[in-house]
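This briefing takes up a few local features, grouped by topic. Please read it beside the sequence and the structure shown here.

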Amino acid sequence: MRKRAVRLQKLNLLWLSVSAMASCGGQQVGVVPAKGFINNTQHSDVQLSAVWAAAQQTLSQQIDLNPLQRELYNAAPNILPGDARALGVSPHQLQVESQSDVSSPALQAATGMVRPDPTGLIACPQPCNVHYAPAYSHYAQPVTRYAASWESSESNFDALVQYEFENQILHALGYDTTWR
């Protein structure tokens with residue numbers, strides 16, 4: 001009788017472990033996957049993966065290394081043929097999250113630019129080439145941040161995040177992303 005009770009207890013513990021793992025997609029709770037996203041958005045991992053795949057496709061066809069430089073300084077385009085290696089780059093614990101928009105009065109005081117709230121811009125920390133942007137990426141501790149006001153605008157969100165994912169991929173491949 002005692003052996004049967006112990007066996008039932010072990011089966012119950014096993015069932016609890018299996019059901020807990022199944023409810024978490026087979027991952028242990030609190031463990032961050034080596035590949036993928038640290039998703040702090042209102043969007044699913046599936047959607048972020050689709051945006052990542054679109055970024056890979058774009059870069060496999062053509063690479064624009066200086067859109068910001070062209071916009072700010074009317075520089076000559078630095079457009080390269082696509083790089084098929086982009087298709088093999090995966091996100092590795094890439095943190096994706098919104099950041100509160102800078103307020104209109106703060107933006108006006110800092111730049112003289114007048115925009116209604118929400119401004120769609122966030123402070124872009126160094127080494128950015130601009131002080132405010134709709135989004136930015138860092139690479140050492142991979143993170144992509146975007147203005148919170150873009151969160152609910154599906155097509156704009158996708159385009160904005162795709163551009164930043166392109167930057168993450170280009171950086172991983174060794175390209176200079178200074179003017180992106």
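Is Trp-52 buried or exposed? Trp-52 is buried, with a relative accessible area of 5%, where buried means under 20% relative accessible area, exposed over 50% and partly exposed in between, with a 1.4 Å probe and protein chains only. The model is predicted, so that local features need pLDDT of at least 70 and side-chain atom pairs count only at pLDDT 80 or more, while totals for chains, interfaces and linings use all residues. Residues are numbered from 1 along each chain as its sequence is written, and side-chain values use heavy atoms, with hydrogens and water left out.

**Aromatic pairs**

- Rings of Phe, Tyr and Trp (for Trp the six-membered ring) pair if their centres lie within 6.5 Å, and planes under 30 degrees apart count as stacked, over 60 as edge-to-face and the rest as tilted; by this rule there are five aromatic pairs.
- Phe-37 and Trp-52 form an edge-to-face pair, with 6.2 Å from centre to centre and 75° between the planes.
- Phe-37 lies in strand β1 (residues 37-40) and Trp-52 in helix α2 (residues 45-61), so this pair ties together parts that are 15 residues apart in sequence; helices (H or I, at least four residues) and strands (E, at least two) are DSSP runs numbered from the N terminus.
- Phe-37 counts as buried at 11% relative accessibility.
- Trp-52 also pairs with Phe-165 in a tilted arrangement, at 5.2 Å centre to centre and 55° between the planes.
- This second pair links distant parts of the chain, as Trp-52 is in helix α2 and Phe-165 in helix α5, 113 residues apart, and both Trp-52 and Phe-165 are buried.
- One aromatic cluster is formed by Phe-37, Trp-52 and Phe-165.

**Pockets**

- On a 1 Å grid over the protein atoms alone, a pocket is an open set of points where a 1.4 Å probe fits, with protein on both sides within 12 Å along at least five of seven lines, and lining residues have an atom within 4 Å of a point.
- The largest pocket has a volume of about 830 Å³, a volume being the space filled by probe spheres set on the grid points, which are joined across faces, edges and corners.
- Lining the largest pocket are 33 residues, of which Leu-68, Val-130, Ala-133, Ala-135 and Arg-180 lie nearest its centre.
- Two or more lining residues each come from α3, α4, β6, β7 (135-138) and α5 (154-172), and α5 gives the most, with six residues.
- By class, this lining has 20 nonpolar, nine polar and four charged residues, with Ala, Val, Leu, Ile, Met, Phe, Trp, Tyr, Cys and Pro counted as nonpolar, Asp, Glu, Lys and Arg as charged, and the others, Gly among them, as polar.
- The second largest pocket holds about 150 Å³ of space, and its lining includes Trp-52, Tyr-139, Gln-168 and His-171.
- The largest share of this second lining, four residues, comes from α5, and its residues divide into eight nonpolar, four polar and no charged.

**Backbone features**

- A cis peptide bond with omega of about -10° joins Asp-117 and Pro-118, and Pro-118 sits in the loop between α4 (104-111) and β5 (122-123).
- Another cis peptide bond, with omega of about 15°, joins Gln-126 and Pro-127, where Pro-127 is in the loop between β5 and β6 (132-133).
- Asn-74, in the loop between α3 (67-73) and β3 (79-81), has a positive phi near 55° although not a glycine, and Asn-74 is exposed, with a relative accessible area of 73%.
- Gln-93, in the loop between β3 and β4 (94-99), has a positive phi of about 50° and is partly exposed, with a relative accessible area of 35%.
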